[in-house]
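Visitor: Hi, I'm new to this one and would like a walk through it. Could you put it up for us?

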Amino acid sequence: MSKSDVADVPLGKTQKETIPDYDWLFNEDSDRDRKKSRFLSKIIKINIKPILLSLFIYLFQSLPVYMIPLCTADIINTVTGSISTGVTDAVWLRIGINVAIVLFCIILNVPSTVLRWKVASKMLRRTSAGIRMALVRKLQSLSITYHKDMQTGKIQAKFLRDMDTLDSFFSTMIHGFLLHVITLIIYVVIAVIKNGWVSLFFLLIVPFNVLLRNAFYKKIRAVNRDYRVNAEGMSAKLTSMMEMIPVTKSHGLESEEIYSVQNTVQKVEKSGIKMDKTIANFGAWSFVVNNVLSIMCLTFCAVLCLNGVGGMQVGDIVLFQSMFTQISSAVSALVNSMPQIYAGREAVDSISELMNSSDVERNIGKPTVPTIKGEIQFNNVNYKYPNTDQLVIKDFSLDVKAGECIAVVGPSGSGKSTLINMIIGFLPPTSGTVKIDGKDMSGINLSEYRHHISVVPQNSILFSGTIKENITYGLSHYSEQDLEKVLEMANINEFLAELPQGINTVVGEHGDKLSGGQRQRISIARALIRNPQILILDEATSALDNISEYHVQKAISTSIQGRTTFIVAHRLSTIRNADRILVMENGECVESGTYEELIAKKGKFFELKNLNDMTSKKVEADMDKLA
Ligand code: ADP
């Protein structure tokens with residue numbers, strides 16, 4: 001995958017200065033294992049300097065670990081030797097030198113530990129921040145269809161849980177794995193110098209531990225994967241539960257919802273227990289193997305000493321025993337870090353799933369459209385959704401002049417939203433062309449093009465900020481006059497006066513503190529402050545009551561002046577003033593004309609209108625009855 005595919009969203013200025021750009025770490029290698037190894041080798045390559053520096057500092061930091069057993073053995077040998085030769089000044093001097101060396105190494109441990117952590121921590125935190133930002137950029141560059149298909153909870157799990165796992169994996173590698181390898185090498189060198197026979201014995205630790213690792217490898221990998229998949233499922237379920245709370249509560253479905261979440265929580269619980277059991281089993285076996293080997297080594301050294309073989313002294317038994325403990329604990333720490341390493345590789349896999357998704361819009365290098373008039377042309381457009389066979393837009397052609405207001409009506413599933421998504425550039429036609437001001441949309445930078453479009457969806461999406469922040473979302477520059485103008489146009493001033501802090505009132509999460517009509521008018525103001533050349537109103541009034549609809553409709557009629565406007569509407573009375581009405585049926589435009597023309601024609605639109613009126617009357621009658 002090229003860098004442009006994943007980083008199609010420009011880096012923010014501050015991020016570029018402080019956080020490395022790691023989008024290129026991910027590649028499209030089809031072989032999963034090779035992909036993970038390449039990812040890791042790239043991470044090591046870019047961090048090679050701090051890694052080597054931290055390992056070098058570790059040599060000083062770990063000096064007491066080697067020097068204490070060596071000096072202790074030397075002191076014991078000196079003391080046991082002095083029993084036959086007598087205590088001389090040379091004996092005291094030797095003991096004094098050993099103590100001084102140990103003390104020096106211990107004191108040196110403080111600055112070297114602090115320095116090594118500083119170097120390692122900076123590298124780890126930067127790497128993690130770089131990958132997190134790569135994920136954020138990727139999420140922003142993925143198509144709207146990807147986001148619709150992928151559950152938010154799963155994405156959150158990747159961002160939070162998998163990134164945490166990856167962090168502890170890197171940390172294990174830098175603060176554990178590599179250090180244990182160094183410890184092992186140093187001890188083996190010391191052992192070989194001291195006594196070749198015993199060092200051969202030390203080498204036994206490795207094959208035993210490798211055998212143990214192999215016996216558990218597949219199981220640990222499988223339980224880790226199982227746990228991750230279940231945790232992602234739980235996260236997705238939890239997010240959907242939170243989104244559904246208003247519906248759940250209003251239908252009294254709390255216990256059903258608790259039950260269905262409980263299922264996913266139980267799955268995580270069960271797979272977690274399985275994972276813990278496997279890891280505990282593995283840890284216990286590695287403890288047994290290493291301690292049995294340790295007892296065998298002690299016995300071997302005792303036999304050598306008693307028989308006077310290889311110059312083995314009492315102090316050397318202590319030295320070898322302590323070295324054995326250190327080596328076996330380094331080997332078992334290495335082997336024990338395997339589950340964390342598998343979990344880390346699994347996290348790489350999971351994050352790569354998202355990073356390697358090719359469902360991105362390729363905009364870099366395409367010409368931008370600094371200004372547009374707003375002419376739109378559909379030429380023989382067909383569309384079918386990926387992984388389906390059926391055309392949902394069939395041979396559709398349309399010529400829209402700049403500033404024209406087009407209403408799109410038709411039964412549910414007739415293709416209205418698909419058509420609108422093609423105008424926004426979210427869905428490229430399967431065949432045929434969509435042109436903006438005569439330019440094929442496939443050849444322009446769509447992200448830039450969308451700066452000229454505003455969409456008011458059926459359900460306004462507000463975040464938990466003030467009304468002003470919601471209206472000016474994403475705008476770095478706007479004038480107070482612009483703001484006042486759109487407040488007026490969107491009919492917001494009418495309810496602003498009643499709010500405690502006016503435009504600075506916090507709207508609550510998803511705008512819950514406002515009515516549907518008020519939220520929708522904020523949505524309209526947000527659309528208008530951008531002064532878009534193309535305005536899309538996608539069922540903007542469908543979810544509103546009559547009074548709210550009246551206010552929003554008023555806001556809409558002033559907003560559409562001078563812009564190319566597309567209105568998708570269920571209530572046909574709301575599109576009376578459209579320049580042209582398109583009637584969609586099964587992905588085809590079956591009728592088009594002005595309101596009056598279509599009514600006079602007594603065709604599909606007329607039928608729809610009658611059906612609409614009847615439904616409205618029935619609803620009104622039912623409401624009256626209820627009242
Ligand atoms: P409308 O907006 O008129 O209700 P849509 O444009 O949403 O209609 O849908 C047109 C057709 O496309 C429907 O048959 C619908 O089931 C299908 N459709 C919509 N979205 C998808 C999708 N993401 N994947 C597959 N089919 C889809």
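**The open sheet and beyond**

Guide: Four strands form an open sheet in the order 2-1-4-5, and their pairing is antiparallel; strands are DSSP runs of E with at least two residues, helices are runs of H or I with at least four, both numbered from the N terminus, and two strands pair if DSSP finds at least two bridges between them. The edge strands, each pairing on one side only, are strand 2 (393-400) and strand 5 (439-440). This is a predicted model, in which local features need pLDDT of at least 70 and side-chain atom pairs count only at pLDDT 80 or more, while totals for chains, interfaces and linings use all residues. Residues are numbered from 1 along each chain as its sequence is written, and side-chain values use heavy atoms, leaving out hydrogens and water.

Visitor: How many bridges join strand 1 to strand 4?

Guide: Five bridges join strand 1 (residues 376-383) to strand 4 (residues 431-436), and the two run antiparallel. In one of these pairings, Asn 382 has Ser 431 in strand 4 as its bridge partner.

Visitor: And which strands does helix 14 lie across?

Guide: Helix 14 (residues 416-424) lies across strand 1, strand 2 and strand 4, and runs at about 125 degrees to strand 1; axes here are lines fitted to C-alpha atoms, for helices over the stretch in contact, and angles run from 0 to 180 degrees between N-to-C directions, with contact meaning heavy atoms within 4.5 Å.

Visitor: Switching topic, where does helix 6 bend?

Guide: Helix 6 bends by about 30 degrees at Asn 109, and Pro 111 follows within four residues; the bend is the angle between axes fitted to the seven residues ending at a residue and the seven starting there.

Visitor: What about cysteines, how many disulfides are there?

Guide: The count comes to zero disulfides, a disulfide being a pair of cysteine sulfur atoms within 2.5 Å. For Cys 71, the nearest cysteine sulfur is that of Cys 105, 7.0 Å away.

Visitor: Is Cys 297 buried or exposed?

Guide: Cys 297 is buried, with a relative accessible area of 0%; buried means under 20% relative accessible area, exposed over 50%, and partly exposed in between, with a 1.4 Å probe and protein chains only.

Visitor: Last one: where does Asn 531 lie?

Guide: Asn 531 lies in the loop between helix 19 (516-528) and strand 7 (534-538), where Asn 531 is exposed at 57% relative accessible area. Its phi is near 50 degrees, a positive value in a residue other than glycine.
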